[in-house]
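Welcome! Let's work through a few exercises together, using the sequence and the 3D view below.

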Amino acid sequence: MGWLESSISKQRSFIEGLLTDPLGQLADICASTWDERQLVDDALSRFLQQKTDHRCRMLYAIDARGAQYSSNISDSAIDDSIVGQDLSDRPYLEALNSNRDTSLLLSDVYIDKQTRKPCITALHTIMREGELLGYIAADFGLKDLPLKNVSSIEPERWRQIKGDPSIRGTMFQQTRTRSAMDDHIDE
């Protein structure tokens, strides 16, 4: 494993450590109120309003079948129009279902459809008396997550990747050539 993979792994472990307890507590609250969707929405909303070191962008609950159970809860709105949407084909749900040994899973980084910025979803299982009820999903913008001390994950030796010398040697002599796309850009 190279230093970059090691750094990513350390950062993911750091974030998982920060999120496991608070999302576990929220999952316990949601488990106790699971039979009344509005109470789940209220619990998610209260949790989001708490001030923490990490800033969640949006919270929602997903049932065990993969359908959205709660509203989307964000700082700016509560959107219940998406309740019932099928999320079962989301890669992070498939990964959590295949790895039953963990109660928390971080998704891979993806681009959010609304903000067009990189984000990550943390999923925590909601269990009641040994039965899987669903999952808490917490969306975070990458820039909103705290970073582990960067100096502890940087490589010990600095490297520069230089590229093709023939391209590098003429870099500042290059000029832009007008293309067919430039001629029709307004269309």
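## Exercise 1: The nonpolar cores

The largest nonpolar core has 28 residues, and those with the most contacts inside it are Leu23, Leu26, Leu44, Leu59 and Ile136. This is a predicted model: local features need pLDDT of at least 70, side-chain atom pairs count only at pLDDT 80 or more, and totals for chains, interfaces and linings use all residues. Residues are numbered from 1 along each chain as its sequence is written, and side-chain values use heavy atoms, leaving out hydrogens and water.

Task: find which elements give two or more residues to this core.

Step 1. A nonpolar core is a set of buried Ala, Val, Leu, Ile, Met, Phe, Trp, Tyr and Cys residues joined through side-chain atoms within 4.5 Å; buried means under 20% relative accessible area (1.4 Å probe, protein chains only).

Step 2. The elements are helix 1 (3-33), helix 2 (37-49), strand 1 (58-63), strand 4 (104-106), strand 6 (118-128) and strand 7 (131-141). Helices (H or I, at least four residues) and strands (E, at least two) are DSSP runs numbered from the N terminus.

Step 3. Helix 1 supplies the largest share, 7 residues.

Step 4. A second, separate core of 11 residues includes Met58, Tyr60, Leu105 and Leu123.

## Exercise 2: The aromatic pair

Task: the whole structure holds 1 aromatic pair; decide how the rings of Trp34 and Tyr69 are arranged.

Step 1. Rings of Phe, Tyr and Trp (its six-membered ring) pair if their centres lie within 6.5 Å; planes under 30 degrees apart count as stacked, over 60 as edge-to-face and the rest as tilted.

Step 2. The centres of Trp34 and Tyr69 are 4.1 Å apart and the planes are at 15 degrees, so the pair is stacked.

Definitions and conventions: Buried < 20%, exposed > 50% of the residue type's maximum accessible area, 1.4 Å probe, protein only.
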